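Please have the sequence and the 3D view ready.

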Amino acid sequence: MENEERKGIIYTALAYTLWGLLPLYWKFVQHVSADEILANRIFWSFWFMLVLLIVTKQFNYFKREALSLFKRPKLFAALVAASILISINWFVYIWAVNSEQMVEASLGYYINPLVSVLLGVFILKEVLSKAQVVSFILALIGVLILTISYGEFPWIAFALAFSFGLYGLVKKVLRVNAAVGLTLETLTIMPIALIYLAYLQQVDLLSLFHVSLTTDFLLLGAGAVTAVPLLLFANGAQRIPLFMVGFLQYIAPTLTLILGVFLYGEPFSLIDLISFVFIWLSLTVFTLSRVRISRRVKLQKQ
């Protein structure tokens, strides 16, 4: 059991590390517009996942799930919603990275767990604990400090947090494994991505196969860099407790923040530091409360 948990920690931590370092990849193709990068990411992710499902002998399961979803209007609507939400999330993130907004993008993934809980309260009618209320107040103070200092609402952070939070909520309805789920989501939106790429070709704005071999390789590889962390996460998360997944998820935004500030020289003022301290305190309170709840449930089961 300890060996399985150790594997789970390694797989999950590696997944979040790759997600945290993903901005390095998008920076290499920052000469390509964010909308074309997104279209390539969707298109090649689908074909990469399809080949992977065939190699891992999950293609028949994928076909059954696809036929089942397409025959059930509510589940199909959920699939379309998931596809749109993850596409929005990917686009905003790619645009933020290549527009030197990595600090705000990292903020979005820091507050994402809190947004997910908030969605649970308003949509699933869940009840907040005292610790969660405190964590929300601390996070709200941090966001208000940022908003007042910037003179504008941090929309990038909230677009990322809410699109991913809503995506997670919709995924609860679909209930399929990660590999099949990503294949279905990209299949749903892939025709639009293909039409858009064809349009760019028609108006002589397509970068794929028109700039350099390096650019072609990176755009084609967008499918792999999307799928690999997701598969690592799927294999890791099922081996470890949920609170540990929650703790490890902060690896990704922390790496993105470090890259933005120290590698790409994005501004990070004292006001930014103060607001992030409030958000980090919020996440500490939130994570500790989740650990306590998890331990209590474990003791009750013994």
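Which side chain meets that of E4 in a salt bridge at 2.8 Å, N to O? The partner is R239. This pair links distant parts of the chain, with E4 in helix α1 and R239 in the loop between α10 (222-237) and α11 (242-248), 235 residues apart. The model is a predicted one.

Side chains of opposite charge can pair when their charged atoms come close. The structure holds three salt bridges, listed here.

| Pair | Closest N and O atoms |
|---|---|
| E4 and K7 | 4.0 Å |
| E185 and K171 | 2.7 Å |

E4, K7 and R239 are linked in a network of salt bridges. E4 and K7 are separated by about one helical turn, because they are three residues apart in helix α1 (residues 2-28). E4 is partly exposed, at 33% relative accessibility. K7 is also partly exposed, with a relative accessible area of 32%, and R239 is partly exposed at 23%.

The salt bridge between E185 and K171 has its closest N and O atoms 2.7 Å apart. This pair, too, links distant parts of the chain: E185 is in helix α8, K171 is in helix α7, and 14 residues separate them. E185 has a relative accessibility of 1%, so it counts as buried. K171, at 21%, counts as partly exposed.

Helix α7 (residues 155-174) is also the place of S163. Is S163 buried or exposed? S163 counts as buried because its relative accessibility is 6%, and the cut-off for buried is under 20%. A polar atom of the S163 side chain lies 2.7 Å from the backbone oxygen of A159. The S163 side chain also reaches the backbone oxygen of L160, at 3.2 Å. Leaving aside residues up to four places away in sequence, S163 touches L85, I88, N89 and F158.

Next come the backbone angles. Most residues other than glycine have a negative phi. K57 is not a glycine, yet its phi is positive, at about 60 degrees. K57 is found in the loop between α2 (34-55) and α3 (59-71) and counts as exposed, at 78% relative accessibility. F209, another residue other than glycine, has a positive phi near 65 degrees. F209 lies in the loop between α8 (178-202) and α9 (213-220), and at 54% relative accessibility F209 counts as exposed.

Finally, an unreviewed UniProt entry lists residues 7-147 and 156-286 for "domain: EamA". In the model, the span 7-147 is 87% helix and 0% strand, and its end C-alpha atoms lie 41 Å apart.

Key. Residues are numbered from 1 along each chain as its sequence is written. This is a predicted model: local features need pLDDT of at least 70, side-chain atom pairs count only at pLDDT 80 or more; totals for chains, interfaces and linings use all residues. Side-chain values use heavy atoms; hydrogens and water are left out. Helices (H or I, at least four residues) and strands (E, at least two) are DSSP runs, numbered from the N terminus. Buried means under 20% relative accessible area, exposed over 50%, partly exposed in between (1.4 Å probe, protein chains only). A polar contact is a pair of N or O atoms within 3.5 Å; within protein, one must be able to donate a hydrogen and the other to accept it, and residues adjacent in sequence count only if both atoms are side-chain atoms. Contact means heavy atoms within 4.5 Å. UniProt positions are given in the numbering used here, feature names are shortened, and annotations may be inferred rather than shown by experiment.
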